[in-house]
Amino acid sequence: MAEPSEARTGPTGSDTGAPRDRGEKLTARGDERKALILDTALRLFERDGYEKTTMRAIAREAGVSVGNAYYYFDSKDHLIQAFYDEVSDHHIVRALTSMRPHRDLGARLAADLHAWIDVAEPYRAFATQFVKNAVDPNSPLSPFSPESKPTRDKVIEVHRRVVLGSNAKIDPEIAESLPDLLWMHHMGIVLFWVYDRSPDARRTRELVDRTAPMVARVIRLSRFKMVRPLFREADKLIRDFLLPGDEPADRG
């Protein structure tokens, strides 16, 4: 008869018995509960509005205690950040798959943006609720906020893959900053999508199909020596005034 320790331990010394199973079940149960709370919150935000929805109401609707809701999410803002993160994760997977057959920069950019629309479209009905908070420069829900940086960095990394996987010849100095600039283009598409009321975001998709090749053509011009200084100056302007980060030092 095996000793108790042998019954719980596999040939590599890893725990293979009941304690690990219980841990896995607890983790799975926790993930399910966290997803339930998030899904419930999104449903209430759509039905009652972001401001009127409380953590207590979310907990009651989800069938969990208020303490349990706060265990997984410190606040409503953290719920929205979790939603942003989840959308970004799904966007990354879909975008990388959609871009794979393409080498043309415009086609890759369009595939990336269509992938985002595909993932976000089911939530368009209450997107305006988030915009009201996102336009507040002091809100952690702003795409420019420090709290949004992890999600923002994920999206920028996808844009980096858009550029690196293409066959476009681009000035190396411009190529380094392109993912950030493409993120700004992405934000413009997102804003248009929020106010688009066409079925399946048809007009937003048309905007993507028309602007992606234009953006790609403009980027390709960066390899010409004559226009390169203009690109660098435009890049500096965007970085100084539009992209998130520390404000330039006062030169006065």
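**Figure 1. The chain read from end to end.** Follow the sequence and you get the pattern α-α-α-α-α-α-α-α-α-α-α. In this predicted model, the secondary structure of the protein chain comes to 11 helices and 0 strands. Of the 252 residues in the chain, 39% are buried. As for contacts between residues at least 6 apart in sequence, 69% of them join residues at least 24 apart.

**Figure 2. Helix α5 against helix α6.** Two packed helices are described by the angle between their axes and the distance between the axes. Here the helices are α5 (residues 76-99) and α6 (residues 105-120), with axes that come within 8 Å and cross at roughly 140 degrees. That makes α5 and α6 oblique to each other, since the cut-off for roughly antiparallel is over 145 degrees. The α5/α6 crossing is right-handed. On the α5 side, the contact is made by Val-87, His-90, His-91, Arg-94, Ala-95, Ser-98 and Met-99. Facing them from α6 are Arg-108, Ala-111, Asp-112, Ala-115, Trp-116, Asp-118 and Val-119. Sorted by class, this contact has 7 nonpolar, 3 polar and 4 charged residues.

**Figure 3. Helix α5 again, now with helix α8.** What angle do α5 and α8 pack at? It is about 10 degrees, and the axes of α5 and α8 (residues 149-164) are 9 Å apart. With an angle like that, α5 and α8 are roughly parallel to each other. From α5, the contact takes in Gln-81, Tyr-84, Asp-85, Ser-88, Asp-89, His-91, Ile-92, Ala-95, Leu-96 and Met-99. From α8 come Thr-151, Lys-154, Val-155, Val-158, Arg-161 and Val-162. The class count for α5 with α8 is 8 nonpolar, 4 polar and 4 charged residues. Compare the residue lists and you will spot some of α5 in both: His-91, Ala-95 and Met-99 touch α6 and also α8.

**Figure 4. Aromatic rings, with a look at two pairs.** How many aromatic pairs does a search of the whole structure find? The tally is 5. One of them is Phe-83 with Tyr-84: the ring centres are 6.1 Å apart and the planes sit at 45 degrees, so this pair is tilted. Phe-83 and Tyr-84 are both buried. Another pair is Trp-116 with Trp-193, where the centres are 5.0 Å apart and the planes are at 80 degrees, so this one is edge-to-face. The tryptophan pair links distant parts of the chain, with Trp-116 in helix α6 and Trp-193 in helix α9 (residues 172-195), 77 residues apart. Are these tryptophans buried or exposed? Trp-116 counts as buried at 11% relative accessibility, and Trp-193 is buried too, at 5%. Elsewhere, ring pairs tie Phe-83, Tyr-84 and Tyr-123 into a cluster.

Figure 5. Gly-49 has its place in the loop between α2 (18-48) and α3 (55-62). Its relative accessible area is 9%, so Gly-49 is buried. In sequence, Gly-49 and Phe-126 are 77 residues apart, yet from C-alpha to C-alpha they are 8.2 Å apart in space. Moving on to α3, which of its residues are buried? They are Met-55, Ala-57, Ile-58, Ala-59 and Ala-62. After α3 comes Gly-63, with a positive phi near 80 degrees.

Figure 6. Most residues other than glycine have a negative phi. Against that background, have a look at Asp-200, whose phi is positive and near 55 degrees. Asp-200 belongs to the loop between α9 and α10 (202-220). Ala-201 is in the loop between α9 and α10 as well, and it has a positive phi of about 55 degrees although it is not a glycine. Accessibility is where they part ways: Asp-200 is partly exposed, with a relative accessible area of 49%, whereas Ala-201 counts as buried at 0%.

Methods. Residues are numbered from 1 along each chain as its sequence is written. This is a predicted model: local features need pLDDT of at least 70, side-chain atom pairs count only at pLDDT 80 or more; totals for chains, interfaces and linings use all residues. Side-chain values use heavy atoms; hydrogens and water are left out. Axes are lines fitted to C-alpha atoms, for helices over the stretch in contact, and angles run from 0 to 180 degrees between N-to-C directions. Helices (H or I, at least four residues) and strands (E, at least two) are DSSP runs, numbered from the N terminus. Angles under 35 degrees count as roughly parallel, over 145 as roughly antiparallel, 65 to 115 as roughly perpendicular and the rest as oblique. A crossing is left-handed if the near helix is turned anticlockwise from the far one by less than a right angle, and right-handed if clockwise. Contact means heavy atoms within 4.5 Å. Ala, Val, Leu, Ile, Met, Phe, Trp, Tyr, Cys and Pro count as nonpolar, Asp, Glu, Lys and Arg as charged, and the others, Gly among them, as polar. Buried means under 20% relative accessible area, exposed over 50%, partly exposed in between (1.4 Å probe, protein chains only). Rings of Phe, Tyr and Trp (its six-membered ring) pair if their centres lie within 6.5 Å; planes under 30 degrees apart count as stacked, over 60 as edge-to-face and the rest as tilted.
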